[in-house]
Amino acid sequence: MRKKLISILIIALCFALLASCARKDKENTMDTKIMARSAVTPVEHLLTKVCPADDALALAKAADVVVFEFKGCTSGQEVWDAFYQKVSNNEPATVLCAYYYTLDPSNMSAELYEQEKDKYPVLYLYDIVYNGEQFTVTIRDSSKADYESKETYKHIIHSTGEAPDTALYRNYDYYILVDDPELTWEQIEGWLFSSQWMEQPKYCTVYSNYEGWID
């Protein structure tokens with residue numbers, strides 16, 4: 001009887017040890033998952049997260065993301081400045097930009113607003129990677145999993161100047177990715193507003209800011 005009791009106690013002890021080990025393994029697994037999640041930066045999280053534009057805008061403003069809204073850069077100016085400093089020195093660098101768009105019914109016909117209103121707001125993420133030789137830009141709508149375009153460019157140019165008389169602001173400040181380093185914003189603008197067919201230069205405006213808004 002005593003041997004049987006000892007055997008039962010030993011078996012019970014084994015089960016207790018096994019249960020303890022299982023709990024430890026589960027805790028270790030949970031810790032690993034938590035550590036893995038914490039190792040992902042807010043920028044990396046936003047890069048892959050599929051969410052509505054307003055949610056993406058909030059996440060972008062809380063992270064090291066350069067945010068652009070109607071009047072230009074509203075968050076992350078120091079992030080952009082650091083990126084541009086690196087690429088100016090031919091150092092590899094990355095930056096994430098977020099362009100947030102809404103519709104203003106006062107600037108369009110009621111018919112057009114009704115046609116387009118369900119498509120907005122929208123936020124586009126510009127993932128810009130410079131490897132020391134060229135820029136790669138991947139663009140994705142925050143509400144979609146697949147990216148819309150991926151292009152490479154050889155140079156970045158900085159253009160500032162006075163806005164046209166018809167603009168709602170006095171001055172503009174652009175950074176543009178191009179293949180031709182001699183290309184100017186004036187040339188691009190001439191193509192955009194030309195009434196005649198012209199061969200489109202390859203470019204991508206990745207930073208836009210405006211000053212002197214007219215009330």
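Colleague: What percentage of the residues in the protein is buried?
Modeller: Of the 215 residues in the protein, 31% are buried, where buried means under 20% relative accessible area, exposed over 50% and partly exposed in between, with a 1.4 Å probe and protein chains only. This is a predicted model, in which local features need pLDDT of at least 70 and side-chain atom pairs count only at pLDDT 80 or more, while totals for chains, interfaces and linings use all residues. Residues are numbered from 1 along each chain as its sequence is written, and side-chain values use heavy atoms, with hydrogens and water left out.

Colleague: How many helices and strands are there?
Modeller: There are six helices and nine strands. Both are DSSP runs numbered from the N terminus: helices are H or I with at least four residues, strands E with at least two.

Colleague: Which residues have the most contacts inside the largest nonpolar core?
Modeller: They are Trp80, Tyr126, Ile128 and Leu177, in a core of 24 residues. A nonpolar core is a set of buried Ala, Val, Leu, Ile, Met, Phe, Trp, Tyr and Cys residues joined through side-chain atoms within 4.5 Å.

Colleague: And which elements supply at least two residues each?
Modeller: Helix 4 (77-88) does so, as do strand 1 (66-69), strand 3 (93-101), strand 4 (122-130), strand 5 (135-141), strand 8 (171-178) and strand 9 (203-211). Another core, of 15 residues, lies apart from this one and includes Cys51, Val65, Ala98 and Tyr100.

Colleague: What is Tyr126 in contact with?
Modeller: Leaving aside neighbours within four places in sequence, Tyr126 is in contact with Val95, Leu96, Cys97, Tyr99, Val137, Thr138, Ile139, Cys204, Thr205 and Val206. Contact means heavy atoms within 4.5 Å.

Colleague: Several cysteines there. How many disulfides does the count give?
Modeller: The count is zero, a disulfide being a pair of cysteine sulfur atoms within 2.5 Å.

Colleague: Turning to helix 4, which of its residues are buried?
Modeller: Val79, Trp80, Phe83 and Val87 are the buried ones. They lie on the same side of helix 4, because they cover an arc of only 95° around the axis; the arc is that of the directions from the helix axis to the C-beta atoms. In general, an α-helix has 3.6 residues a turn, so residues three or four places apart point the same way.

Colleague: And helix 3: which residues are buried there?
Modeller: In helix 3 (residues 53-61), they are Ala53, Ala56, Leu57 and Ala60. They fall within an arc of 105° seen down the axis, so they line one face of the helix. These residues pack against helix 2 (42-48), strand 1, strand 3 and strand 4.

Colleague: Finally, is Asn209 buried or exposed?
Modeller: Asn209, in strand 9, is buried, with a relative accessible area of 17%. Beyond neighbours within four places in sequence, Asn209 is in contact with Lys71, Gly72, Cys73, Asn171, Tyr172 and Asp173.

Colleague: Where does Thr138 lie?
Modeller: Thr138 lies in strand 5. The C-alpha atoms of Thr138 and Glu148 are separated by 7.7 Å, the two residues being 10 residues apart along the chain.
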